[in-house]
Amino acid sequence: LGLDRALRDHLDDRERLLLCALYWLSPWSLHFAAFLWAPNWVFLFGVVHLWTAFRQRRRATFADSFLHVLVIGAVFQFHGSFLLLAVISLLLFLRGYIKVNWAGAISAATTLFLSMLPWMLLAAQNPLVRPGGEGFLGRGFIVVHPILKGAAYWFRYPSMWFRYSALDF
């Protein structure tokens with residue numbers, strides 16, 4: 001519903017219906033819709049990101065900028081694909097496609113920092129709670145495997161390929 005609402009001024013009824021069918025019947029959605037895990041939540045936050053970006057095209061309000069930055073920070077807290085939302089937002093801003101209310105953006109960044117402060121204090125005292133275990137900051141940019149794995153997802157999930165064949169059932 002959120003995606004439909006965000007795009008209703010840009011697509012006609014038939015195009016929105018087709019998008020709805022393709023979105024709900026995508027291999028990712030069909031395969032992973034039976035349970036909740038972190039990547040499934042990225043779609044919801046992505047829709048909110050799109051909606052706030054569309055609203056900030058004409059004018060920047062405190063609420064839109066606050067929600068836009070809050071969405072990026074919320075995804076940061078549970079999934080690495082936050083980087084995609086952050087880069088898209090940066091490019092939209094640099095090209096002049098979206099406007100930013102700086103009070104809203106700074107308020108959201110402060111809220112996010114305060115929400116992560118207890119975890120940062122715990123991670124400073126107990127290194128076992130840090131993600132990656134033996135890893136180090138920026139390891140994903142240096143080690144090639146995570147980058148190749150992420151690039152493979154771009155081809156794998158949009159395709160009509162399924163992991164299980166009919167013989168496996």
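Helices (H or I, at least four residues) and strands (E, at least two) are DSSP runs, numbered from the N terminus. This is a predicted model, so to speak of local features takes pLDDT of at least 70 and side-chain atom pairs count only at pLDDT 80 or more, while totals for chains, interfaces and linings use all residues. Residues are numbered from 1 along each chain as its sequence is written, and side-chain values use heavy atoms, with hydrogens and water left out.

**Whole chain**

Start with a cartoon view. The chain has nine helices and zero strands, so the order of elements from the N terminus reads α-α-α-α-α-α-α-α-α. Colour by accessibility next: buried means under 20% relative accessible area, exposed over 50%, and partly exposed in between (1.4 Å probe, protein chains only). Buried residues account for 20% of the 169 residues in the chain. For contacts, the cut-off is heavy atoms within 4.5 Å. Of the contacts between residues at least 6 apart in sequence, 59% join residues at least 24 apart.

**Helix α4**

Select residues 38–55. That is α4, with 18 residues, and it reaches 26 Å from its first C-alpha to its last, close to the 26 Å expected at 1.5 Å a residue. (The expected span is 1.5 Å times one less than the number of residues.) Show side chains along α4 and look for the buried ones: Pro 39, Asn 40, Val 42, Val 47, His 49, Thr 52 and Ala 53.

Now pick Asp 64, in helix α5 (residues 62–76). Is Asp 64 buried or exposed? It counts as buried because its relative accessible area is 5%. Leaving out residues up to four places away in sequence, Asp 64 touches Thr 52, Arg 55 and Gln 56.

Step across to Gln 56, which sits in the loop between α4 and α5. With a relative accessible area of 1%, Gln 56 is buried too. Neighbours within four places aside, its contacts are Asp 64, Ser 65, His 68, Tyr 97, Ile 98, Lys 99 and Val 100.

**The nonpolar core**

Which residues form the largest nonpolar core? Select Val 42, Val 71, Ile 72, Val 75 and Leu 85. A nonpolar core here is a set of buried Ala, Val, Leu, Ile, Met, Phe, Trp, Tyr and Cys residues joined through side-chain atoms within 4.5 Å. In soluble globular proteins, nonpolar side chains tend to be buried together. Three residues of this core come from α5, the largest share. Centre on Leu 85 and, beyond its neighbours within four places in sequence, you will find Gly 46, His 49, Val 71, Ile 72 and Val 75 in contact with it.

**The second largest pocket**

A pocket is found on a 1 Å grid over the protein atoms alone: it is an open set of points where a 1.4 Å probe fits, with protein on both sides within 12 Å along at least five of seven lines, and lining residues have an atom within 4 Å of a point. The second largest pocket has a volume of about 280 Å³; grid points are joined across faces, edges and corners, and the volume is the space filled by probe spheres set on the points. Its lining has 16 residues, with His 68, Val 69, Ile 72, Ser 89 and Val 100 nearest the centre. The elements giving two or more residues to that lining are α5, α6 (82–94) and α7 (102–125), and α5 supplies the largest share, five residues. By type, the lining splits into eleven nonpolar, five polar and no charged (Ala, Val, Leu, Ile, Met, Phe, Trp, Tyr, Cys and Pro count as nonpolar, Asp, Glu, Lys and Arg as charged, and the others, Gly among them, as polar).

While α6 is in view, select Gly 96 just after it, which takes a positive phi of about 85°.

Leu 112 is in helix α7 and is buried, at a relative accessible area of 13%. Outside four places in sequence, its contacts are Val 69, Leu 70, Gly 73, Ala 74 and Gln 77.

Finish at Phe 78, in the loop between α5 and α6. Phe 78 is partly exposed, since its relative accessible area is 30%. Beyond its neighbours within four places, Phe 78 is in contact with Ala 38, Trp 41, Val 42 and Phe 45.
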